Every structure is written in C-alpha cells, then in structure tokens.
Amino acid sequence: MKSNSKSSKNLSTRESLIQSGLVLVELTGLRGLTVRELAAHANVNLGSFVYHFRNRDNFLAELVEIWYQPMYQQLRMTSEAAGNASALSRLKSTVEHLIDLVSAKVPFISHLFADAFAGEVAAQKFLLNLPNRHPQIIYRLMSEAQQEKSVASGSTLHLVIFVMTAVGMPLLLAGEMMQGCDWLPDDAQKIRDLMRDPDSAKQRLLWALAGIAFQK
C-alpha cells in the first residue's frame, strides 16, 4: 500500500494513523487491517503506533468512534432542530438525514457488520452499544409521534423496526452487493442501483410513514 506521507505532512503521528486507518478500513474492513500496513500507509514506525494506542484492538475501537461520532452528533442536531415542529416532521427529517449519511458511508458500514461476524471485538462492541445511540433518537421521535397521534399506536419498537428495515436494509444489502458483482446482468445491476439510491430510500420512507399513519 502506498504511503500517505504527503497528505499527513501537517498531521500529528496519532492523527496520521487515524486518517490512514479510516482510508484503509473502507477498503479492507477492520478485519483486513494490519498494524504494519497501517504504519507504512501513515509513514510512521511501529513503535509510534504502540506508544499511542498500545494494541490493535484499542486502535480499532477508537477509529470506529471517530468515524461514528460526527454522524451521531449531526442526527442529534437534526432531531432537535425546529423544536416546535411536529414529532412526525422531525422524525422524517432525521431519517432523511440518516439516509444521506449512510449512503455516503455504505462501504464502511457493510464492512462493519462483516467485521462483527468475523469476530472483530471493536465491531462487536460498537454494534452492541449502537441501540442506545442514534436508534434511540428514532425511537424517541416515533414515541412522540404516537403521542401526538401522527402514527399508529402499539409497539413503538415494532414501528421503528418496520420503518428502518424498509428504508435501510436495501442500502446495506446493496453495499454488500457492490463487492465484485460487475458480472451481474443489466437487470440485476438496475436493482442494485435502485437499492443504493438515497432518493429511492427517501421514497420508501414516505411509503412507510404513510403505512403507519394514525387511523381515526
């Protein structure tokens, strides 16, 4: 792997390692990242890696958090914006923003699930803690929408699962399908393109919200 020394010239050693890590794991996933390759890409020595992170698991855990935190903060801000707007409106805006963020990070996210299945501890811990983060924002907005009688009563969790599966599952599956599938026939390519298109995901969101609308 080619060194990243030019772009990291003005970065600290720690920052260079993090930036190189973000580039590499998008290509290989956490499971494909080696400390030696990371150090070479960041143009730092192995001793510097050990000094800053001690071991690979610590590095990967911090890397995933650095990748995720901006997304989480943006979604929190979106969910709280226009506080006088209806809960349904804020729910729609937040999920639309989530679609845009996920669409831009599909390779990383797809790798993250594969990493967890492959036994990468950092990926497993991240996914186990995830329900208490941005999914909790979606859950809260859905509950508020139920209270204002914008969406159906019943299990809030079930409604969240329904909406997020309809919206997000095709995006994630398309991310997996992007890997080495150029041999697929044109019709299958069209399906893949539709699944990973953010505008199509937003259309599915509208259909899902219409489907769970409160019936008077």
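Leaving aside residues up to four places away in sequence, Leu63 touches Ile18, Gly21, Leu22, Val25 and Leu30, where contact means heavy atoms within 4.5 Å. This is a predicted model, in which local features need pLDDT of at least 70 and side-chain atom pairs count only at pLDDT 80 or more, while totals for chains, interfaces and linings use all residues. Residues are numbered from 1 along each chain as its sequence is written, and side-chain values use heavy atoms, with hydrogens and water left out.

Leu63 is placed in helix α4; helices here are DSSP runs (H or I, at least four residues), as strands are (E, at least two), numbered from the N terminus. With a relative accessibility of 0%, Leu63 counts as buried. Buried means under 20% relative accessible area, exposed means over 50%, and partly exposed lies in between (1.4 Å probe, protein chains only). One of the residues that Leu63 touches is Leu30; the two are 33 residues apart along the chain, and their C-alpha atoms are separated by 9.5 Å.

Helix α1 covers residues 13–28, which makes 16 residues. From its first C-alpha to its last, α1 reaches 22 Å, close to the 22 Å expected at 1.5 Å a residue; the expected span is 1.5 Å times one less than the number of residues. Ser16, Leu17, Ile18, Ser20, Gly21, Leu24 and Val25 are the buried residues of α1. They pack against α2 (35–42), α3 (46–53), α4 (56–80) and α6 (106–117). Just after α1 comes Gly29, with a positive phi of about 75 degrees.

Charged pairs come next. The whole structure contains 10 salt bridges, each defined as a side-chain nitrogen of Lys or Arg within 4 Å of a carboxyl oxygen of Asp or Glu. In one of them Glu62 pairs with Arg14, and the closest N and O atoms are 2.4 Å apart. Glu62 belongs to helix α4 and Arg14 to helix α1, so this pair ties together parts that are 48 residues apart in sequence. Glu62 is partly exposed, at 28% relative accessible area, and Arg14 is partly exposed, also at 28%.

Helix α4 has a further charged partner. Arg133 forms a salt bridge with Glu65, with 2.8 Å between the closest N and O atoms. Because Arg133 sits in the loop between α7 (121–129) and α8 while Glu65 is in helix α4, the pair ties together parts that are 68 residues apart in sequence. Arg133 is buried, with a relative accessible area of 14%, whereas Glu65 is partly exposed at 28%.

Another salt bridge joins Asp193 to Arg196, the closest N and O atoms being 3.0 Å apart. Both residues lie in helix α10 (residues 186–196), 3 residues apart, about one turn of the helix. An α-helix has 3.6 residues a turn, so residues three or four places apart point the same way. Asp193 is partly exposed at 34% relative accessibility, as is Arg196 at 28%.

Tyr139 is in helix α8 (residues 134–147) and is partly exposed, with a relative accessible area of 33%.
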